[in-house]
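I opened this model with a notebook beside me and wrote down what I looked up, in order. Here are the entries, for anyone who wants to follow along.

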Amino acid sequence: MISRRQAVVRTTVVLVVTAGGLAALDKFLAKTESGEMQRAASANYAMGTRLLAEGKATAAVEPLRQAWVLARDNAGYELALGNALAATGKTAEAEMRITAALSREPNDGEANLAAARLRVREKGAGEADSFYHRAIFGHWGADGAAQRVAARLELIELLARQNRRGEMLGELISLEEEAGEDRAVRKKLARYFLQAGSPARAANVYRQLVEKDRLDGESYAGLGEAELESGRYREARSAFIRAAMHSPEMPIRAQLELVDMLTEVDPTPRQLTSAEKYRRSSRILEWVRGDLRQQADARPEKSSAEIEDLLQRADAALTGKTPAAVSNEAAEGLLSLAEQLWRARVQAFGEAVPADQEAFRRILEKLAA
Amino acid sequence: MPEDTTSTRDTSSTRGRLNWTGFADREDQLLIVLSLVIGVVVGLTVVAFMLLTGRLSARMYPPGNAAWRRVLVPTAGALVSGYLLFRYFPGARGSGIPQTKFALFIEDGYISLKTVFGKLICCSISLASGIALGREGPSVQIGAGIASVIGRRFGLRPENVKALVPVGAAAALAAAFNTPIAAVLFSLEEILGDLHATAIGTVVLSSATSWMVLHLFLGDQPLFHVPAYQLVSPWELAIYAVLGVAGGLGSVAFVKLLLQLRIWFRRLPRKTVWIQPVAGGLLVGLVGWFVPEVLGVGYDYVDRVLGGDAPLRTLLLLAVLKIIATPVCYSSGNAGGIFGPSLFIGAMIGGAVGSVAHLLFPASTANPGAYALVGMGTAFAGIVRTPLTSVIMIFEMTRDYAIIVPLMISNLISFFLSQKLQEEPIYEALAHQEGVHLPTSEARELQGGVRVGDVMAADAPMLAPEAGIAEARAFFETEGCNSWVVGEDGRVAGMLHRSQIEAARPEAMLRDVIDTGSLFPHVHPDNSAGQALERMRAGQVDVLPVVSRADLRALRGMVTLRGLLAVYGVSEPS
């Protein structure tokens with residue numbers, strides 16, 4: 001027979017032991033559940049990202065959703081799901097996932113990048129820029145510098161597609177400082193400089209690249225392009241020849257022919273004699289007169305009295321007697337007239353020319369610049 | 001597991017136990033301490049129950065499982081749990097809410113430890129196997145049971161053990177739904193039926209404690225993950241009203257089907273009771289073969305619908321299938337609750353209404369997920385009939401204030417519609433089917449002051465049915481009464497009136513005189529003294545038998561007019 005006191009003490013002890021046992025059981029079960037769910041989530045995430053990488057976005061959504069449902073704290077899973085949903089065109093749901101990830105960590109680089117990509121898909125370019133910038137200056141995990149460079153490159157690519165050269169150039173100048181010694185990034189940087197209308201900066205980057213690797217044919221080709229765009233045809237020719245030497249498989253024959261032609265007709269080099277400059281100027285004027293005549297005959301509705309007047313002046317200049325001692329001023333007069341004809345041609349008929357006459361177009365663009 | 005043998009009915013011994021602790025006159029303080037202890041123990045138990053069910057379910061349905069498994073597992077689960085319920089744990093059958101109310105109003109708060117274990121084991125098996133029922137109702141009974149056992153073990157008086165039942169229920173619901181405020185409200189609104197109950201302090205304490213235990217082990221994840229929704233246009237309120245109508249009609253269909261099926265199953269031979277749950281398991285399995293979302297409580301799919309990602313046709317199909325599957329599972333005797341399925345049905349109906357609205361008025365309506373969210377509360381209000389709890393519960397689940405106004409509108413419409421088309425609330429109707437007469441909310445409101453149980457004479461003798469008229473006349477003269485209770489062995493046969501004695505043949509026996517077929521005037525121990533007086537007036541008697549709510553012929557005592565008047569300090573007129 002136990003006393004009352006013993007009975008209550010025993011009940012208290014039983015309660016404490018039961019609570020302890022239950023706590024241990026709960027901890028064990030919670031740990032088991034957490035482990036199983038994490039493993040399942042990880043497997044689903046791996047499958048989803050693989051499918052997404054293979055371009056099977058629709059198939060990727062379900063495993064990625066499962067991964068996120070099983071591990072809702074994992075912002076990476078939620079973002080991956082958001083990206084997959086965006087890729088399948090479910091932008092509303094994608095926005096919910098990405099916005100949720102952003103609201104948890106507004107400065108997260110990956111989330112901002114996902115939001116930027118979503119805005120690009122939704123054609124909200126203005127907002128996309130700001131998300132790209134937040135991604136560039138946001139928090140990244142390991143390898144943050146490379147991620148920032150990749151985000152900026154993506155923004156530059158967007159600006160290039162939208163032909164926003166000024167903003168593109170600004171991003172490229174920032175990228176130049178961040179790119180470091182990564183040759184792949186520097187090559188892209190040079191290419192984009194060229195696209196942004198800054199061939200001198202592009203050439204500078206390519207020069208740095210070839211200085212560090214004298215056998216890099218690709219960079220020599222790029223340097224050739226940059227020099228070509230800068231109007232430095234001799235330097236371009238030299239770079240193309242080196243490119244062909246180090247990378248014979250590169251298709252640069254057309255560029256070499258173009259640069260040879262340009263070298264042949266370019267009236268701007270200082271070392272040219274006045275007679276040679278006059279000859280080259282006449283040739284350019286003759287080409288642009290012939291081209292403009294041809295265009296006017298083909299599309300008379302777009303022609304005008306001004307064009308006819310310019311053509312008559314060109315006829316007069318070319319059929320007139322060549323002076324015995326030509327001066328630079330006479331050559332400049334022909335070039336000035338050629339420039340006027342080219343402007344009229346571009347205004348009325350655009351600037352597209354046949355590939356074999358690209359050299360004249362480049363010369364005239366250079367003169368008109 | 002040892003059966004709990006400590007009964008609250010042994011009041012003389014339990015009163016004495018506490019003397020040495022100094023708590024004999026301070027049980028109120030002990031109640032506060034125990035409500036914290038109950039919060040911890042119930043929280044731990046419910047967390048274990050949820051995790052156990054989840055892990056078991058994960059093993060029964062591994063990823064990429066075959067379709068045959070979806071038929072076999074619920075059928076086998078129903079068979080095993082059905083046998084266990086029949087053979088070992090008959091008290092653990094059903095959802096747990098009506099059983100908790102029986103315990104509270106009829107059994108003086110008594111729920112055995114065996115029932116708690118039975119509920120835990122049988123529900124784990126049936127829910128993990130995919131039976132289309134929920135875990136919240138069973139959790140309530142488990143929590144109330146734990147509270148009852150703890151109260152008895154500490155030797156509390158019966159009224160204090162009763163007071164701990166809603167404490168345990170609130171703790172369980174707080175952990176099961178992760179909604180501590182709604183758990184308090186549910187305990188007061190549904191279990192006690194009184195929002196002004198004095199137990200509110202202890203209920204709040206246990207609910208908060210249990211919720212903290214839940215967070216300690218499972219973190220701060222809400223039950224459902226809902227994007228932030230907002231009212232796109234004021235016109236949306238009209239669509240939410242339509243949702244209230246749809247939710248109300250769906251709720252009524254669900255309740256009526258469940259009650260009808262329960263009647264049908266109860267009519268089947270008693271020997272089939274152990275195998276009846278298989279009907280539910282097989283049905284849900286066959287449906288699950290084609291539509292796996294019907295299996296189990298379906299919270300994963302609800303989460304998805306709340307995200308606004310579900311086609312209209314699927315939503316409608318799932319709403320209909322769940323409205324059929326859950327009543328069959330429940331009525332056939334499987335262990336599990338209807339809270340979870342209510343939320344599922346509501347989410348599907350809401351999602352469907354929202355999808356149609358969004359299709360018709362895309363610019364002025366929110367994502368269908370917002371309607372699914374409100375729909376959950378709508379069905380809960382219509383089926384469980386606790387409108388205040390449902391509003392607060394959905395608010396707590398989602399933590400989204402913007403949804404409150406639409407939620408209130410559609411909940412109230414659904415509640416009133418359900419009340420109109422299905423007069424008796426589901427838990428009261430189920431209790432009536434079991435032959436139990438729970439006090440109505442009006443009756444509970446009148447139960448203040450002195451109760452019949454406090455003034456009844458527990459040892460008053462009944463007149464035997466075999467007694468003669470002369471013996472009865474002598475008894476009436478001695479007692480000075482005009483009516484008395486006839487019966488034997490604690491069973492009431494009927495009421496005998498002086499006029500019947502006068503009219504009877506002298507050689508007749510009382511059984512020939514009294515009316516044994518019809519219901520006699522009676523009261524229950526929890527009725528108020530005022531109600532007893534009113535029933536004496538209505539029945540033209542001066543004695544009333546005090547009977548059990550679970551069995552109207554089981555005598556607990558008698559109250560006399562003289563005794564009742566004495567309570568009010570009045571002498572009986574001569």
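**Chain A, overall**

I began with the secondary structure of chain A, which comes to 17 helices and 0 strands; helices (H or I, at least four residues) and strands (E, at least two) are DSSP runs, numbered from the N terminus. A reminder to myself: this is a predicted model, where local features need pLDDT of at least 70, side-chain atom pairs count only at pLDDT 80 or more, and totals for chains, interfaces and linings use all residues. Residues are numbered from 1 along each chain as its sequence is written, while chains are lettered from A and ligands numbered from 1 in the order in which they are written.

Next I looked up the dimensions. The C-alpha atoms of chain A fill a box of roughly 140 × 50 × 30 Å along the principal axes. Its radius of gyration is 34 Å, whereas a compact globule of 369 residues would have one near 21 Å. I noted the rule: the radius is taken over C-alpha atoms, and the globule value is 2.2 Å times the number of residues to the power 0.38.

Of the 369 residues of chain A, 38% count as buried. Buried here asks for 20 or more other C-beta atoms within 10 Å of the residue's own, exposed for 12 or fewer, and partly exposed lies in between, with C-beta atoms placed from the backbone. Among contacts in chain A between residues at least 6 apart in sequence, 53% join residues at least 24 apart; a contact means C-beta atoms, placed from the backbone, within 7 Å.

**Domains of chain A**

I found three entries for chain A: domain 1 (36-139), domain 2 (165-265) and domain 3 (274-368). These bounds come from an automatic or database domain assignment. The C-alpha centres of domain 2 and domain 3 of chain A lie 30 Å apart. Their contact takes 5 residues from domain 2 of chain A and 9 residues from domain 3 of chain A.

**Two residues of chain A**

Is A:L194 buried or exposed? I found A:L194 buried, because 22 other C-beta atoms lie within 10 Å. A:L194 sits in helix α9 (residues 183-195) of chain A. Beyond its neighbours within four places in sequence, A:L194 contacts A:P199, A:A202, A:E225, A:A226 and A:E229. I also checked A:L223, 29 residues away from A:L194 along the chain, and the two C-alpha atoms are separated by 10.0 Å.

Then I turned to A:Q347 in helix α16 (residues 328-349) of chain A. A:Q347 counts as partly exposed because it has 13 C-beta neighbours inside 10 Å.

**Where the chains meet**

How many residues does chain A bring to its contact with chain B? I noted 24 residues of chain A in contact with 28 residues of chain B. On the chain A side, α1 (4-53) and α4 (91-104) are the elements that give two or more residues. The largest share, 19 residues, comes from α1(A). By class, this side has 13 nonpolar, 3 polar and 8 charged residues. For the classes, Ala, Val, Leu, Ile, Met, Phe, Trp, Tyr, Cys and Pro count as nonpolar, Asp, Glu, Lys and Arg as charged, and the others, Gly among them, as polar.

**Chain B**

Chain B comes to 25 helices and 4 strands. Buried residues make up 55% of chain B. The domain assignment gives domain 1 (11-222), domain 2 (236-433) and domain 3 (446-567).

I followed one strand pair. Strand β1 (residues 483-488) of chain B runs antiparallel to β2(B), with 6 bridges between them; pairing needs at least two DSSP bridges. B:W484 stands opposite B:L496 in β2(B). The hairpin has 2 residues between the strands, and B:D489 takes a positive phi near 55° there. Strand β2 (residues 491-497) of chain B has 5 of its 7 residues buried, so it is largely enclosed by the rest of the structure.

**Core**

My last entry: the largest nonpolar core has 150 residues, and B:I38 and B:L373 are among those touching the most other members. Such a core is a set of buried Ala, Val, Leu, Ile, Met, Phe, Trp, Tyr and Cys residues joined through C-beta atoms within 7 Å.

Conventions
Contact = placed C-beta atoms within 7 Å.
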